[in-house]
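Thanks for passing this one along. Here are my notes, written to be read with the structure open beside you.

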Amino acid sequence: MTTVFAPLEAAYDPEAFRTTAHALMDQLADYLKAALKGGTMPVLPWAPPSVNQERFATPFPEEPPAELAPAFAHLMARVLEGSHHLHHPRYVGHQVTAPLPLAALCDAVSSLLNNGMAVYEMGPVATAMEHHVLAWMASKLGLPEGARGVLTSGGSAGNLTALLAARQAKAGFDAWKGGAHAGPPLTVLVPRSAHYCLARAVRIMGWGEGGLTPVDVDAHFRVRPDALEDALQEALKKGRKPIAVVASAGSTATGAFDPLEPVADFAEKHGLWFHVDGAHGAAASLSPKYRAQVKGIERADSVVWDAHKGLLMPALVTAVLFRDGARSFDAFSQEAHYLFHGDDPRPYSDVGLRTLECTKEMMPLKVYACLSVLGTRVFEEAVTASYDQARRFADMLAATPDFQVAVPPDCNIVCFRHTPAHVPKEGWDALQARLREALVTGGNFYLVQTRLPDGVYLRTTLIHPLTGDGDLEALLEALRRAAAP
């Protein structure tokens, strides 16, 4: 007779789970109510790393407590109290959204089922859901019916996946089998305003610094189509073979949208792979009012789109979409007979053939569930409202003599700086950094900063769908108070 360690058996007890889960749901609902209301709750209860290290230092016990539910509730209370509160309407920081509560519940289901998705038989339901979620996203971008793709863990992994496919398609040699040096040195044309993960991706692929050829941008930080030819010739002059050109749909620093159609024309003329990093801005395709921002994206060979931004999902869920669905296999072309078998050498049902992950969580579940239960219009409205609000905020800033807007916003990212009369221009950079630190450590707001060619700017991403104009007016007043002599 097999003897099971009693606490181990108790750890799987359904009734204990029911009791603990009910208590947790009440706890989370109370937290959500308080966070959405704002009030006296800080956005970020700031504490230096050493303090939190000390707070959570513990000798993990050998045995469980006599009562599990209260011990768990106490720990979760500490986690909720000390964490960053993205559901607070005065969170206007990084490009990580306040996720839909329904999506968070899906994460619990995913974690309990733990269906890794590399092969169909390990994740049969999630695999089917992923197919339909990607088809819906591709249709919104205007990609053809033959478009396919994969969900992966974030924009960095997504852009790497797309560039690996571009290499296999356009290098002229099999770099997957022969290595990065089995042919001429390669490069990709990338706007200077693009996300740093693209420079990281070419280095991961073994191309070195020259694997990325920068392309000049204009005063609004959008790529200059007339600079593409010069960049191409510069790459050739350095002995590099350009295989792809990248454009941004919502760049990270300022939210700029590159003019996609002329970039697509250039790529077509020179036989280059056309990739669009739409991690942040591809969601504009959902908004009838702002869809023109991504005009030309339907011509891309590959597109990256983060659902944990414009689709209000918990991180991380990134779609990598390929215009030619067969190209989705080019990024990771290898054999793994212990996993993949059957008559079809390229089964679309085996997700692991097309993604970096092998044990991949049920990423599509939360997207599929929210689209199915909440409908698609809620996402259209969220995108439109956030872009509208960014424009109102920019107008609010422009109407005040003591604030400057870096550029008119293309999406829901607004860069600005406080320029009070008592601070000379040479002190503006230091002031922005000091103001951000004051607000973040004070806990009333969370925003970030960026450096543009003419100096340091404060940067807001209006990604919380329930942030209001009153919150932004309060932000300006808080900055003025912090800057007062």
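The points below cover charged residues, a surface patch and a loop position in this predicted model.

1. Let me start with Arg459, which sits in strand 11 (residues 455–461). This arginine is buried yet has no salt bridge, and the nearest side chain of opposite charge, Asp306, is 11 Å away. What lies close to polar atoms of the Arg459 side chain instead? The backbone oxygen of Thr252 is 2.8 Å from one such atom, and the backbone oxygen of Ala253 is 3.2 Å from one. Contacts of Arg459 also include Val92, Gly93, Gln95, Ile413 and Cys415.

2. Asp306 itself deserves a look. This aspartate belongs to strand 6 (residues 302–306) and counts as buried because its relative accessibility is 2%, under the 20% cut-off. Its side chain makes a polar contact of 2.5 Å with the side chain of Lys309. Among the residues Asp306 touches are Gly154, Gly155, Gly278 and Thr318.

3. On to the salt bridges, of which the structure holds 22. Side chains of opposite charge can pair when their charged atoms come close. Lys237 is exposed at 68% relative accessible area, whereas Glu234 is partly exposed at 33%.

4. Asp388 and Lys289 form another salt bridge, with closest N and O atoms 2.8 Å apart. This pair links distant parts of the chain, 99 residues apart: Asp388 is in helix 13 (residues 377–398), and Lys289 is in the loop between strand 5 (273–277) and strand 6. Lys289 is exposed, with a relative accessible area of 55%.

5. Elsewhere, Arg192, Asp216, Arg224 and Asp226 are linked in a network of salt bridges.

6. For the nonpolar side of things, Val4, Phe5, Leu8 and Tyr12 make a surface patch of about 470 Å². Val4 comes in the segment before helix 1 (6–11) and is partly exposed, with a relative accessible area of 42%.

7. Finally, Leu353 is placed in the loop between strand 7 (318–322) and helix 12 (363–374). This leucine is buried, with a relative accessible area of 10%.

How values were computed
Residues numbered from 1 in each chain as written. Predicted model: local features only at pLDDT ≥ 70, side-chain atom pairs only at ≥ 80, totals over all residues. Heavy atoms only, no water. Helix = DSSP H or I, 4+ residues; strand = E, 2+ residues; numbered from the N terminus. Buried < 20%, exposed > 50% of the residue type's maximum accessible area, 1.4 Å probe, protein only. Lys, Arg positive; Asp, Glu negative; His and termini not counted. Salt bridge = Lys/Arg side-chain N within 4 Å of Asp/Glu carboxyl O. Polar contact = N/O pair within 3.5 Å; in protein donor to acceptor, adjacent residues only side chain to side chain. Contact = heavy atoms within 4.5 Å. Patch = residues over 30% accessible without salt bridge, like charges linked within 9 Å, V, L, I, M, F, W, Y side chains within 5 Å. Areas by Shrake-Rupley, 256 points an atom, 1.4 Å probe, with all protein chains shown as cover. Lists of a residue's contacts leave out its neighbours within four places in sequence.
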